[in-house]
Amino acid sequence: MASPSTATRITPQPSRSATVPATRYDRRLAEILTHATEVFCRKGYEGASMRDLSRQSGMSLAGLYYYFESKERLLYLIQKHTFTTIVQRLKVRLQGVSDAEERIRIFILNHLEYFLANPAAMKVLSHEAEVLKNGFASEVAAIKREYYRICVGLLDDLKRERGFQFSTRIAVLSLFGMMNWIYTWHNPRVDADALSIAREMGDVFLRGVMAGGKRRDGR
């Protein structure tokens with residue numbers, strides 16, 4: 001049975017950024033989303049106004065409303081873009097990897113790598129998770145459910161491959177709890193980079209899962 005030291009097998013992979021917007025409209029839209037993320041991060045969704053967003057982006061209010069009819073649509077697009085990007089990058093990185101433990105470690109690295117590079121987005125997603133309503137909320141929730149199910153599948157694969165018995169739900173939610181609050185404490189001046197933290201966090205998580213998940217054969 002592989003040990004948590006398997007983390008040393010995972011090597012940095014080239015960052016797969018989102019597709020570069022092809023049109024001037026798309027490029028400007030991406031810029032506005034970046035500015036809006038910074039405003040929501042600093043002021044909170046309720047405290048931010050369209051005028052704040054206009055000043056941050058350097059665009060007139062009329063121009064801003066040309067792209068977005070409301071502040072809620074801005075938040076929706078930020079959340080949709082973030083989760084879609086994370087899921088797409090993860091699927092690419094998992095291709096061709098069959099070892100269950102290594103796939104979990106890739107999941108952890110992919111998550112931490114994105115959010116350490118985009119801490120403002122992580123704060124906005126964490127603090128404004130319940131703001132969206134109706135169709136906006138449903139669409140984002142569907143992407144989040146897909147991401148959660150991917151993680152569930154990875155843990156279930158580990159259980160089958162190694163013969164462990166543990167609560168997949170508790171394990172998955174505990175893992176997200178470890179990863180999602182990194183923006184509150186990570187200091188790039190003193191803390192390690194995403195790859196090093198992913199290795200250590202993977203060790204902590206997998207040692208716990210493997211130690212607590214008794215094998216069906218009793219060993």
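**The second largest pocket**

Me: What is the volume of the second largest pocket?

Reply: The model discussed here is predicted. In this model, the volume of the second largest pocket is about 430 Å³.

Me: How many residues line the second largest pocket, and which lie nearest its centre?

Reply: Helices α5 (100–117), α6 (119–127), α7 (134–162) and α8 (168–180) each supply at least two residues of the lining. By class, the lining has 10 nonpolar, three polar and two charged residues. The pocket is lined by 15 residues, and those nearest its centre are Phe83, Leu125, Lys144, Phe176 and Asn180.

**Helices α1 and α4**

Me: How are α1 and α4 oriented, roughly parallel or roughly perpendicular?

Reply: The axes of α1 (residues 24–43) and α4 (residues 71–94) come within 10 Å and cross at roughly 105 degrees. Angles of 65 to 115 degrees count as roughly perpendicular. Therefore α1 is roughly perpendicular to α4.

Me: Which residues of α4 meet α1?

Reply: The contact of α1 with α4 has eight nonpolar, one polar and one charged residues. From α1 come Ile32, Leu33, Ala36, Thr37 and Phe40, and they meet Lys71, Leu74, Leu75, Leu77 and Ile78 in α4.

**Arg73**

Me: Is Arg73 buried, partly exposed or exposed?

Reply: Arg73 is found in helix α4. Its relative accessible area is 26%. Buried means under 20% and exposed means over 50%, so Arg73 is partly exposed.

Me: What separates the C-alpha atoms of Arg73 and Leu132?

Reply: Arg73 and Leu132 are 59 residues apart along the chain. Their C-alpha atoms are separated by 8.7 Å.

How values were computed. Residues are numbered from 1 along each chain as its sequence is written. This is a predicted model: local features need pLDDT of at least 70, side-chain atom pairs count only at pLDDT 80 or more; totals for chains, interfaces and linings use all residues. Side-chain values use heavy atoms; hydrogens and water are left out. On a 1 Å grid over the protein atoms alone, a cavity is a set of points where a 1.4 Å probe fits but cannot get out, and a pocket is an open set with protein on both sides within 12 Å along at least five of seven lines; lining residues have an atom within 4 Å of a point. Grid points are joined across faces, edges and corners, and a volume is the space filled by probe spheres set on the points. Helices (H or I, at least four residues) and strands (E, at least two) are DSSP runs, numbered from the N terminus. Ala, Val, Leu, Ile, Met, Phe, Trp, Tyr, Cys and Pro count as nonpolar, Asp, Glu, Lys and Arg as charged, and the others, Gly among them, as polar. Axes are lines fitted to C-alpha atoms, for helices over the stretch in contact, and angles run from 0 to 180 degrees between N-to-C directions. Angles under 35 degrees count as roughly parallel, over 145 as roughly antiparallel, 65 to 115 as roughly perpendicular and the rest as oblique. Contact means heavy atoms within 4.5 Å. Buried means under 20% relative accessible area, exposed over 50%, partly exposed in between (1.4 Å probe, protein chains only).
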